[in-house]
Amino acid sequence: MMPASSSLKLLTFSHKNTSLTERDRLAYTYDQIVDFIPRANAELGGELGIVSTCNRTEFYRYGPTLDDLWAELGPLVADFKDLDLDSIGSPVGKRGVEAARHLFRVSASLESMALGENEILGQVKDAHRLILEADTDSSTIERLFQFAVRAGKDVRTDTALCEGTVSVSSVAVDLAQKIFGDFSDRTILLLGAGETAETAAQHFSADGASDFLVVNRSRDRGAALADKFNGRFAPLDDLQQALAESDIAVVATGSQEPLITRQMLQDVTQKRRHDSTFLIDISNPRNVEPSAANLPSVYLYNMDDLQSVVNANKEARREEIPKVESIIDHYVEEWEHWLQQQRVTPTISTLARYFEDARQRELDRHDGLSEDERSRLEAFSKGLIKKLLHDPITNLREAVDENALSSEELEFVWSLYNLRDFEDGNHED
Amino acid sequence: MADLLNLVAVLLPAAYVAIFGLYLRHFLNSDESPGFAGSAALFGVLGLHSLYMVLLGIETQHFPIATQAEFFSLLALSVGASYALAERWHRDANTGVFFVAIVLAFQLLSALYGGDPGAIPERTRNPVYSTHVILTVFGFAGLTVSSLYGLMYIMLSQQLKSRQLGLIFRRLPPLSVLEKLSKAAMTSGVVLLGLGLALGHYVAFAQYGQLNLLDHPTILVADVAWVGYTAGLIVSRARGLSGTQMGYFALFGYLSFMAAMAVVLTQFGAFHTFQ
């Protein structure tokens, strides 16, 4: 059983306090985590959990309090990762409730570089799974990670922190999906064959698009890009026909004049029997006449429009932070309550056994009692013990319910009756 | 049996309120995990509702279309069933809150009009007449569903055009899905309504002989609406209409139909009244 003086401590190396090079050196693979946890637990005592992602490596330890955890854990890390301890900066440390709060904030993605990103919750889930796989007694730290996963899930279901995308290319894909659903039977026109068009094509391809049509002034570059995506090439003269065949058009050319006019799009929509057309004009200057946006089945977004959606999404995420914080507060309270329960339950049961043992020993000292006298003394002593223990036990339980019991106070109860010696069988009369 | 039916009649609005709550929560929150409980609950309650209508018919020995309470309950069931099929089809429960709200409103009206049905009209024991009413109601439900999907299309399209992307943008399914659902609901509504009206004409002819439609504006309005919807669908198939045009057609077609019916019913009275 973990001593009542045990505490939670966190050491974090993250993008906030460590360079990318240092983070790379400290990063743990899943196999390494499963290997390292039992080793550290055996060396330091207590329970260790590790969150290791490209932006952070964090050590959460619950166990007997160590004055300087990094002084003890650092050499083990250096040995395991085969690195020079001096080449790594100092971690930021947090303890107790603040350490737990930090993990819940990580899980909620409040500590992420991109606020509201979803990947981190999966990584915290993995960290939780690895604690279980490490096959050591880690019931407390495992419970901490359970709370973290639940907090992360609640944040994603009860707030809009993770809604909306926050990169220009993702926003373009999101908008296209909102118009057409999936891209499996949609044609994507790439007008221009530069890097921007290629990046956009990669995003659409990653989301299921497979039919690409490249229109470019230079045949060689256009055909090369079309080949990359198993698409087709058409010369610039066939632009109107290409538009009529396409549902989505990514316009990214260096032309100084609009290549797509309102009139051209009006004709195209007739040919398309008024099916929707989504135009993403990321050229500078713009290559689609802005007035084309007024046509009924045409949706036109330029770079500024996409950026303003990104900004709006970021702002919307920021506005959710107070709600997220209140979910985290709730889980911090739950964690504290659970932890105190874990500490107080063994205290109460040891205390009860201690008094029962004293009562039994005291009774044994009185030989020669009649059956009736013994039974009356049994009843009297049991009643007395019950009365003596009633208030302390009630107060301990109430203190837990009110989150008002400190580790030191609990430790005082143990030392008051020498309960640890009693547990170890070293108790003397 | 009567006590059981009375109990279910009270339970149904309560159940729809609970389901509305589930769908509202689903719409407002971003939970996209599979297995949304509201969908299963809606199917369950629609099953119970159907059973209730069947048992009510058996108990009272007539098709449950005789009273206003029964009519509204059938309307609630038909809209709910149409939506539930659409949800199954496109696997997205985010539009449910709007439809369940309508279902709930119709079922509450049914509960308000409940009570002693009095003398049940003899024609509601006639299977042909009753099939006419049921088909017409289901056709009407199809048009209701179509108009609501049309409205959603217009709202989402406007958000996309104005670049003001709010809750509607985040929660509604893609435009292509809304357009497909609106068209499918309108097509099935027109087919069912057409069959219902044809049967109605047959019943009326069998009972009253040749009818002068000008003497029966309710039938005239229903026939004109059906012809309008059918013409719209043919034009859309032949020439192609944009999603927005189809949305406006579904929405304003429905509103015009309702407005015309309301005027006719208040000014001229119904051809066949409900008690």
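Contact is taken here as heavy atoms within 4.5 Å. The model is predicted: local features need pLDDT of at least 70 and side-chain atom pairs count only at pLDDT 80 or more, whereas totals for chains, interfaces and linings use all residues. Residues are numbered from 1 along each chain as its sequence is written, chains are lettered from A and ligands numbered from 1 in the order in which they are written, and side-chain values use heavy atoms, with hydrogens and water left out.

**Figure 1. The interface between chain B and chain A.** In this view, 29 residues of chain B are in contact with 26 residues of chain A. About 2,100 Å² is buried between the two chains, 46% of it given by carbon and sulfur atoms; buried area is the accessible area (1.4 Å probe) that two parts lose on being put together, summed over both.

**Figure 2. Salt bridges between chain B and chain A.** The two chains are joined by four salt bridges, each defined as a side-chain nitrogen of Lys or Arg within 4 Å of a carboxyl oxygen of Asp or Glu. B:Arg163 pairs with A:Asp305 in a salt bridge whose closest N and O atoms are 2.9 Å apart. On the side of chain B that touches chain A, two or more residues come from each of α5 (127–162), α6 (167–171), α7 (175–208), α8 (217–239) and α9 (243–268) of chain B. With six residues, α5(B) gives the most to this side. Helices (H or I, at least four residues) and strands (E, at least two) are DSSP runs, numbered from the N terminus.

**Figure 3. Helix α5(B) and its ends.** The 36 residues of α5(B) reach 52 Å from first C-alpha to last, close to the 52 Å expected at 1.5 Å a residue; the expected span is 1.5 Å times one less than the number of residues. B:Asn126 caps the N-terminal end, with a side-chain oxygen 2.9 Å from the backbone nitrogen of B:Val128. After the helix comes B:Arg163, whose phi is positive, near 65 degrees.

Figure 4. A:Tyr299 is placed in strand β10 (residues 298–302) of chain A. A:Tyr299 is buried, with a relative accessible area of 1% (buried, under 20%; exposed, over 50%; partly exposed, in between; 1.4 Å probe, protein chains only). Leaving aside neighbours within four places in sequence, its contacts include A:Ile179, A:Phe278, B:Tyr153, B:Leu160 and B:Thr244.

**Figure 5. B:Val263 in helix α9.** B:Val263 lies in helix α9 of chain B and is partly exposed, with a relative accessible area of 49%. The C-alpha atoms of B:Val263 and B:Leu85 are separated by 32 Å.

Definitions and conventions. A polar contact is a pair of N or O atoms within 3.5 Å; within protein, one must be able to donate a hydrogen and the other to accept it, and residues adjacent in sequence count only if both atoms are side-chain atoms.
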